[in-house]
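I opened the model to look up a few residues and what surrounds them. The entries below are in the order in which I took them.

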Amino acid sequence: MSAEAPDACTGGLRRVARVVLLDPADRILLLHGHEPDDRADDWWFTPGGGLEGEETREQAALRELTEETGITEVELGPVLWRRRCSFPFAGRRWDQDEWYFLARTAQTDTVADGLTELERRSVSGARWWTCRELERAHETVYPTRLAGLLRTLLDEGPPATPVTLDTEIV
């Protein structure tokens with residue numbers, strides 16, 4: 001969730017790389033987040049964050065994954081989905097252009113040693129989820145259709161080209 005200034009090339013949208021990280025049992029890793037001053041306003045989300053400097057989306061995906069989870073043994077795959085979203089968080093509105101990369105790992109222990117100060121105040125842990133658990137979850141998960149997207153990915157494999165998801169405005 002690293003913050004950066006809006007980029008004129010993307011119309012003021014924050015460029016973000018996210019990771020759909022799967023373990024050998026096809027479980028997906030999600031982070032548990034909440035408003036910094038309200039732990040009851042919570043949700044689950046994929047690791048990832050904003051690009052820094054001149055880094056590529058691939059570089060940002062791997063850097064963010066390492067910072068937020070400590071997982072470095074990763075095989076980064078193709079971009080699965082693209083999404084634009086807008087949401088309030090920590091007293092401001094975030095407008096983002098997100099790319100979701102498929103990645104696989106056998107490393108399932110997580111250590112969040114590289115969190116920013118804001119992330120330390122708003123990320124309370126990580127959990128590996130099965131697709132079935134996601135389908136039955138009553139918690140808020142972003143992107144909102146993640147359970148169905150994951151089911152399609154596991155059943156059909158990665159799409160030939162990235163799928164553009166519906167814009168989400170919270």
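**W81 and its neighbours**

I began with the contacts of W81: leaving out residues up to four places away in sequence, W81 touches V20, E98, W99, Y100, L146, L149, L150, V163 and L165. I note here that this is a predicted model. W81 lies in strand β5.

**Nonpolar cores**

I looked up the largest nonpolar core, which has 19 residues. V20, I28, L30, W81 and L134 have the most contacts inside this core. The elements giving two or more residues to this core are β1, β2, β5, β6, α3 and α4. Which element gives the largest share of this core? I found that α4 does, with five residues.

**Helix α4**

I went on to α4, which covers residues 146–156. Its buried residues are L146, A147, L149, L150 and L153. They sit on the same side of α4, because they cover an arc of only 165° around the axis. D155 and E156, on the other side of α4, are exposed. I checked what the buried residues of α4 pack against, and found β1, β2 (28–35), β5, β6, α3 (131–136) and β8 (141–142). G157 follows α4 and has a positive phi, near 85°. In the loop between β8 and α4 I found P143. Y142 and P143 are joined by a cis peptide bond, with omega about -5°.

**Largest pocket**

I noted about 390 Å³ of space in the largest pocket. Its lining has 24 residues, and W43, F87, P88, F89 and Y142 lie nearest the pocket centre. β1 (14–22), β3 (38–45), β5 (75–89) and β6 (92–104) are the elements that give two or more residues to the lining. β5 gives the most, with six residues. I sorted the lining residues by type and got 12 nonpolar, four polar and eight charged.

**S122**

I found S122 in helix α2, residues 117–122. S122 has a relative accessible area of 1%, so S122 is buried. I then looked up E35, which is 87 residues from S122 in sequence. From C-alpha to C-alpha, S122 and E35 are 5.8 Å apart in space.

Which value of phi does D26 have? I read a positive phi of about 65° for D26, which is not a glycine. D26 is in the loop between β1 and β2, and at 27% relative accessibility D26 counts as partly exposed. I read a phi near 55° for A90, again a positive value in a residue other than glycine. A90 is in the loop between β5 and β6. At 33% relative accessibility, A90 counts as partly exposed.

Methods. Residues are numbered from 1 along each chain as its sequence is written. This is a predicted model: local features need pLDDT of at least 70, side-chain atom pairs count only at pLDDT 80 or more; totals for chains, interfaces and linings use all residues. Side-chain values use heavy atoms; hydrogens and water are left out. On a 1 Å grid over the protein atoms alone, a cavity is a set of points where a 1.4 Å probe fits but cannot get out, and a pocket is an open set with protein on both sides within 12 Å along at least five of seven lines; lining residues have an atom within 4 Å of a point. Grid points are joined across faces, edges and corners, and a volume is the space filled by probe spheres set on the points. Helices (H or I, at least four residues) and strands (E, at least two) are DSSP runs, numbered from the N terminus. Ala, Val, Leu, Ile, Met, Phe, Trp, Tyr, Cys and Pro count as nonpolar, Asp, Glu, Lys and Arg as charged, and the others, Gly among them, as polar. Buried means under 20% relative accessible area, exposed over 50%, partly exposed in between (1.4 Å probe, protein chains only). The arc is that of the directions from the helix axis to the C-beta atoms. Contact means heavy atoms within 4.5 Å. A nonpolar core is a set of buried Ala, Val, Leu, Ile, Met, Phe, Trp, Tyr and Cys residues joined through side-chain atoms within 4.5 Å.
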